Amino acid sequence: MTRRSRIPNLGGAKAFVLHPPHATTAALVRQLAAIGLDPVECWPDLPAEALVADFVFFDADLGYDAQFPWAPGEAPMPMIALIGSEAPGRIEWALSHGAHSHLVKPVANSGIYSALLIARQGFEARRSLADEVRGLKARVAERQTIVRAVVALSAGGVGEERAYAQLRALAMSWQTTIEEAARRVLALEEGGRDERRTRL
């Protein structure tokens, strides 16, 4: 039995290097090309095509918020900080922009490949966690919808247990989920309120 490698193939990946022209960028671009990536140098702004990049290397020393076409920490790809100064403020700024990995300047030939892999892994883990949080928030919102529908159904003096059973029966008769049935009940309730207001 062969074991599948968890190391992704980086050949052909697009990497933008947001850094002023310097020996650091020249060394980085050379090494990225040797690894098999397609490096693109840019400064002071990321071009529009960077939105579909596989990686972005950015200068943590001279970088600033307006360089990125996304909010801090919301990069759609792995971010690798190029750090020369260990000033706490600059490191904090790099972290606020979601640096998934880093390289210390001046950049050497070693360390770039591992920075790419660590950044990719960190990015995917963070994205997976964000998806999970979104899913949990959606489930909480759905539960609140169900509770509101049960309260609406029990307003006529029916107990909450019977109201919930009624909601489940409605979901089955409408051949839909209980969440969708709850949304329909609330829409009907809102429609009835609007109609009563119109009569008044």
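Biologist: Which residues in α1 meet which residues in α3?

Modeller: A quick note before we zoom in. This is a predicted model, where local features need pLDDT of at least 70, side-chain atom pairs count only at pLDDT 80 or more, and totals for chains, interfaces and linings use all residues. Residues are numbered from 1 along each chain as its sequence is written, and side-chain values use heavy atoms, leaving out hydrogens and water.

Now the contact (heavy atoms within 4.5 Å). On the α1 side you'll find Leu28, Gln31, Leu32 and Ile35, and they meet Ile112, Tyr113 and Leu116 in α3. That makes six nonpolar residues, one polar and no charged, with Leu, Ile and Tyr among the types counted as nonpolar. Helix α1 covers residues 23-35 and helix α3 residues 112-153; helices here are DSSP runs (H or I, at least four residues), and strands are E runs of at least two. Their axes sit 10 Å apart and the packing angle is about 75°, so α1 and α3 are roughly perpendicular (65 to 115 degrees).

Another cis bond, with omega about 5°, links tryptophan 43 to proline 44, and proline 44 is in the loop between β2 (38-42) and β3 (55-59).

How values were computed:
Axes are lines fitted to C-alpha atoms, for helices over the stretch in contact, and angles run from 0 to 180 degrees between N-to-C directions. Angles under 35 degrees count as roughly parallel, over 145 as roughly antiparallel, 65 to 115 as roughly perpendicular and the rest as oblique.
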